[in-house]
Protein chains: 2
Amino acid sequence: MTVRKFALTDVSFARSPGQDGDVFAANVIDQRHGAPVSIGYGRYAPNQSLVETIAVDDVMVVLQGQLSVSSDGSTVTAGAGEIVHMPKGSAVTIRSHDEGAVTAYVTYPHWQQASG
Amino acid sequence: MTVRKFALTDVSFARSPGQDGDVFAANVIDQRHGAPVSIGYGRYAPNQSLVETIAVDDVMVVLQGQLSVSSDGSTVTAGAGEIVHMPKGSAVTIRSHDEGAVTAYVTYPHWQQASG
């Protein structure tokens, strides 16, 4: 494997599995590439919500907009440049606001295999 | 562990080990927290360079400024919102430019243990 750079303009988004809202993911590194982590971009249309039990350790870096993540009765809201860590096993509701959101994410291990 | 949010304003930077340039790191999640990944922010003063063999899989999300990463004779340059993946074992030179840079990073496993 070599050092690689990725940009939002390089990727193709697909609807996140198991939900029918306008929430999309685009892996740039995953189980196909031999690294232990999956890396990608996420895109949330305005005012969407996604309810999920996180099957992997999931780190989101908010690049645009804002996301609120509720878990165990408390909520954190992250804007551009802020990081949200969702430990494996967390039962979360992720909500976007009026402006939608774009994230970069890293998961260990690969989320597509863990949630498959 | 619970869902947590981190902001650049929350952290305390320390000089990255093994180098004397103005390159700083601030872990927000690491081996003390029970997660498999380390998460943090990086800060590069203008025109610094860091030469390193990466002991872990290291993902940098550039938040401000630009970084160039050279490895195996080729160089990638990433700006705000772009992601650089440095696979474990990569021999890299990371350079900041006139405006310096701020990153969010995720490593698997914990970089402080691997490079210790």
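This is a predicted model: local features need pLDDT of at least 70, side-chain atom pairs count only at pLDDT 80 or more; totals for chains, interfaces and linings use all residues.
**Notebook: two chains and their contact**

I started at A:P109, which sits in the loop between β9 and α1 (111-114) of chain A. The bond that joins A:Y108 to A:P109 is a cis peptide bond, with omega at about -10°. I then looked up the chain B counterpart and found a cis peptide bond between B:Y108 and B:P109, again with omega of about -10°. B:P109 is placed in the loop between β9 (91-108) and α1 (111-114) of chain B. I flagged these bonds because most peptide bonds are trans.

**Backbone angles**

Next I went through phi. Most residues other than glycine have a negative phi, so I wrote down two exceptions. A:N47 is not a glycine, yet its phi is positive, about 55°. I located A:N47 in the loop between β4 and β5 (49-53) of chain A. In chain B I noted B:D72, also not a glycine, with a positive phi of about 55°. B:D72 belongs to the loop between β6 (57-71) and β7 of chain B.

**How the copies relate**

The same surface serves both copies, as 100% of the contact residues of chain A recur in chain B.

**The contact itself**

I then turned to the interface. Chain A brings 35 residues to the contact and chain B brings 35. The size of an interface is often given as the accessible area lost when the parts come together. For chain A and chain B I noted a buried area of about 2,900 Å², with 74% of that from carbon and sulfur atoms.

For polar contacts between chain A and chain B, my entry reads eleven residue pairs, both partners at pLDDT 80 or more. On the side of chain A that touches chain B, at least two residues each come from β1 (4-6), β4 (38-44), β6 (57-71), β7 (74-78), β8 (83-86) and β9 (91-108). Which strand gives the most to that side? I found β6(A), with six residues. Sorted by class, this side of chain A holds 24 nonpolar, seven polar and four charged residues.

**Strands across the interface**

I followed β1(A) over to chain B. There β1(A) is joined by three bridges to β8 (residues 83-86) of chain B, and the two run antiparallel. One detail I marked for the viewer: A:R4 stands opposite B:H85 in β8(B).

**Salt bridges**

Side chains of opposite charge can pair when their charged atoms come close. My search over all chains gave six salt bridges, and across the interface of chain A and chain B I counted two. In A:E82 with B:K5, the closest N and O atoms are 3.3 Å apart. B:E82 and A:K5 also form a salt bridge, at 3.4 Å from N to O. Why does this pair join two chains? B:E82 is in the loop between β7 (74-78) and β8 of chain B, whereas A:K5 is in strand β1 of chain A, so the pair spans both chains.

Technical notes:
Residues are numbered from 1 along each chain as its sequence is written. Chains are lettered from A and ligands numbered from 1 in the order in which they are written. Side-chain values use heavy atoms; hydrogens and water are left out. Contact means heavy atoms within 4.5 Å. Buried area is the accessible area (1.4 Å probe) that two parts lose on being put together, summed over both. A salt bridge is a side-chain nitrogen of Lys or Arg within 4 Å of a carboxyl oxygen of Asp or Glu. A polar contact is a pair of N or O atoms within 3.5 Å; within protein, one must be able to donate a hydrogen and the other to accept it, and residues adjacent in sequence count only if both atoms are side-chain atoms. Helices (H or I, at least four residues) and strands (E, at least two) are DSSP runs, numbered from the N terminus. Ala, Val, Leu, Ile, Met, Phe, Trp, Tyr, Cys and Pro count as nonpolar, Asp, Glu, Lys and Arg as charged, and the others, Gly among them, as polar. Two strands pair if DSSP finds at least two bridges between them.
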